Amino acid sequence: MADSDTDNTDDGVPRRWLIRALVGIGFGIPVVIEGGTLVGLLKSGLFGDGDGDDAATITGPTATTSGPPPVGTGDDLLAASARSATLSDATVHAATDGWRFALTVAVENTGDRPYELRLGTVTTQNGSRVDGTAATDRLGVGESATLSATYALPDGETPATMTIVGVDYVDGGGERLTRHTVRFGNVPVKR
Amino acid sequence: MTFIDKFPTEAKLVRWHFGVGFVALAIGGLFGLVQALYRTGHLRSLLPINAAQYYTVLTGHGVLLALVFTTFLICGFFVWAVTRSLDRPLSHPRLVWTGFISMVVGTTLAAITILNGFAPELPFGSANVLYTFYPPLQAHPAFYVGAALLIVGSWIVGADYFLTYRAWRADNPDKRIPLQTFMVLATFVMWYLSSAGVAVEVVAFLIPWSMGWISQVDPLLTRTLFWYFGHPVVYFWLLPAYLAWYTILPKLAGGKLFSDPLARVVFVLFVLLSTPVGFHHQYTDPGIAEGFKFIAMTNTFMLLLPSLLTAFTVVASLEHGARQRGGSGYIGWLRALPWGKPSFSAMALAGLVFAAGGFSGMINAGMNINYLIHNTIWVPGHFHLTVGTAFALTMMGVAYWLVPQITGKRLQHRTLAAIQPFVWVIGMTLMSNAMHRGGLAGLPRRTAKPLFRGEGAAPFDPVVGTISEMQLQIAIGGTLLFVSLALFLAVMVGTWLSRPGMGRLSVNGSIPSALSGPADSPRILDNLKVWTAIAVVLVIIAYGLPLYGMLADGVLAPGSPGFPV
């Protein structure tokens, strides 16, 4: 006797194709999703920069799984260069008239040539880009300066990355520009 | 002869248990959809709840599905299993009705207090304490009384399983216990042993505390009593699914159970090891010596053994069935399985998903790696694979097969039924995958708005994907799960309301004997008194000293007053 939920008269060609499609989709989608996750985990674990989660994607559609480690207050933005630019403060102020990202950078020219630091575009976690034009004066060797800047962000968004440009004044009057992309860690939001 | 013709009283009992369970499933499932959409921020503005009421929804979802739906389905399913396998009616059906009424009254009380979060004009007070009801969060006393009545009702129902078995044994002194009855009795031995913890917690502490008879309770002690019950309850959910996988699924596949003795060994191991493991839910709790947490961890990993034995036995049984149907090849036999039969596909897919849940469970159980995911959304991602699929989807498969047998009505909307299990698995894959990834990123569980204060996703560090993408995936997965649930309920309601005799009722409720029968195993396996005694000793070893330590400074100290929610 057939089982209660089996009816051979229903097993025509359209129903067989329906079942085949269901099995294909029912197994295919989980395999694709879990397989993609596995590949992502392997890429992060085997081909990341070795810093675990901190070095992986922070968030947002524009963030990537590679790149420099995230920085926070007290970190040197130019750790890979001969100059020092310490992030003294970084805060998002969520006011009723808009969100502002304010940061302060303590710059010290520890190199052997005159130097200038320019703060460029901030990209938010959601991918919005906000331009900036703050820059230090030309700093002589051994000189220091404090650079503050404010960016008007779209409401509800927080900074993900910022481009900064270092300017070396070379002998003979020329300039040599070095572009860096800084990735922010958790920037606190204050009301 | 169908079950309803042979055992009409028992069929009626099963129907009522299933009916109440399905109502709880419908309401709890709706709450799940609301929860998924609100939490992820998708269509949040269209939902009729605020952030505070999110916790009402969360409590209702957990209580109605994890406690009410499961308990009613299990008690009803076991009435069928005992009656069918002993081939005799229940010895005291009125006792079962008494237990059923106790559970209904308890569920009603608890449900009213939960719904009070939406409508304060309802009787009693609110109970937004989530399904774990941890002190010092304090619910209205009616919630705790309701929970106690639900548990006690299940005890009363279970008592008749043992009484019926005793009557059968008197008539069959030398026979081996039929496998399904053995599984039911083993499950209820474990249930009696473990649910005593939550009974003590509720009756001795939470009811007097909520009534104002005592001013404080010790949160660590009550949490420990809860988790003494809280992990074995997972096996109270899973063992009925195992019963279905061992005894019904091979038959639906066209074959036979591979090994009856191995099934008995598995259930004995669960009797022994299910209870002394609760501390693995309390790795971050202070006041419990690390050594006892370590014992809980080792016991938990030992539980992998019966699960792996189950995987082997059930897959071997399915392969046997597939080859009986003409399947061949190392993998090709899978194509010969009856995937178009909803009872089979629901149970088989539930078993596959449970394997994934087992792997994430290993992460939960590891003392060191647990800290990575503790209290994150990883944890609900895990238990939606276990209770949310291994149990729930298996019981849906059972219903497709059993409801015609207990109603005498042909299954309706069969194409919808064929589609439903696959939609469930796709939805669960989407939701659970994103929950696990979110947990690795530190996304918290039990939070109405995890991306709070406008900080967005910034505090979280996903390893794979982005937080916004995970949120969307959870919302889509939760929606698909609700669609699948609606399909299931449509089939059940359509079948229930159809006229008897409408369409050909083709029911075969027989279960073929196993390839390797009980005679191939030692009789000691059937001696549940021995296994119960050993289980009690293991519980004393695991819990004796820690509980003594908690009680030594006073039963209610260090204590906390209640925070009514």
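This is a predicted model: local features need pLDDT of at least 70, side-chain atom pairs count only at pLDDT 80 or more; totals for chains, interfaces and linings use all residues.
Residues are numbered from 1 along each chain as its sequence is written, chains are lettered from A in the order in which they are written, and side-chain values use heavy atoms, with hydrogens and water left out.

The structure holds one cavity of 30 Å³ or more. By cavity we mean a set of points on a 1 Å grid over the protein atoms alone where a 1.4 Å probe fits but cannot get out, with lining residues having an atom within 4 Å of a point. The largest cavity takes up about 690 Å³, a volume being the space filled by probe spheres set on the grid points, which are joined across faces, edges and corners. It has 37 lining residues, and B:Gln35, B:His61, B:Leu65, B:Phe383 and B:His384 sit closest to its centre. In chain B, α2 (8-40), α3 (51-86), α14 (378-407), α15 (414-440) and α16 (467-497) each give two or more residues to this lining. Helices here are DSSP runs (H or I, at least four residues), and strands are E runs of at least two.

Over in chain A, the domain assignment, automatic or from a database, gives domain 1 (8-47) and domain 2 (84-190). Their centres, taken over C-alpha atoms, are 47 Å apart. Chain A also has an open, mixed sheet of four strands, ordered β5-β2-β1-β8. Its edges are β5 (144-153) and β8 (189-190), each pairing on one side only. Strands pair if DSSP finds at least two bridges between them; β1 (residues 84-95) and β8(A) run parallel over two bridges, and A:Val92 has A:Val189 as its bridge partner.

Now the aromatics. The whole structure has 47 aromatic pairs over all chains. Ring centres must lie within 6.5 Å, and planes under 30 degrees apart count as stacked, over 60 as edge-to-face and the rest as tilted. Here are two of them:

| Pair | Centre distance | Plane angle | Class |
|---|---|---|---|
| B:Tyr38 and B:Tyr54 | 5.9 Å | 35 degrees | tilted |
| B:Tyr242 and B:Phe270 | 5.4 Å | 80 degrees | edge-to-face |

B:Tyr38 in α2 and B:Tyr54 in α3 are 16 residues apart, while B:Tyr242 in α8 and B:Phe270 in α9 are 28 residues apart. B:Tyr38 is buried (under 20% relative accessible area) at 3%, and B:Phe270 is buried at 0%.

Conventions. On a 1 Å grid over the protein atoms alone, a cavity is a set of points where a 1.4 Å probe fits but cannot get out, and a pocket is an open set with protein on both sides within 12 Å along at least five of seven lines; lining residues have an atom within 4 Å of a point. Rings of Phe, Tyr and Trp (its six-membered ring) pair if their centres lie within 6.5 Å; planes under 30 degrees apart count as stacked, over 60 as edge-to-face and the rest as tilted. Buried means under 20% relative accessible area, exposed over 50%, partly exposed in between (1.4 Å probe, protein chains only).
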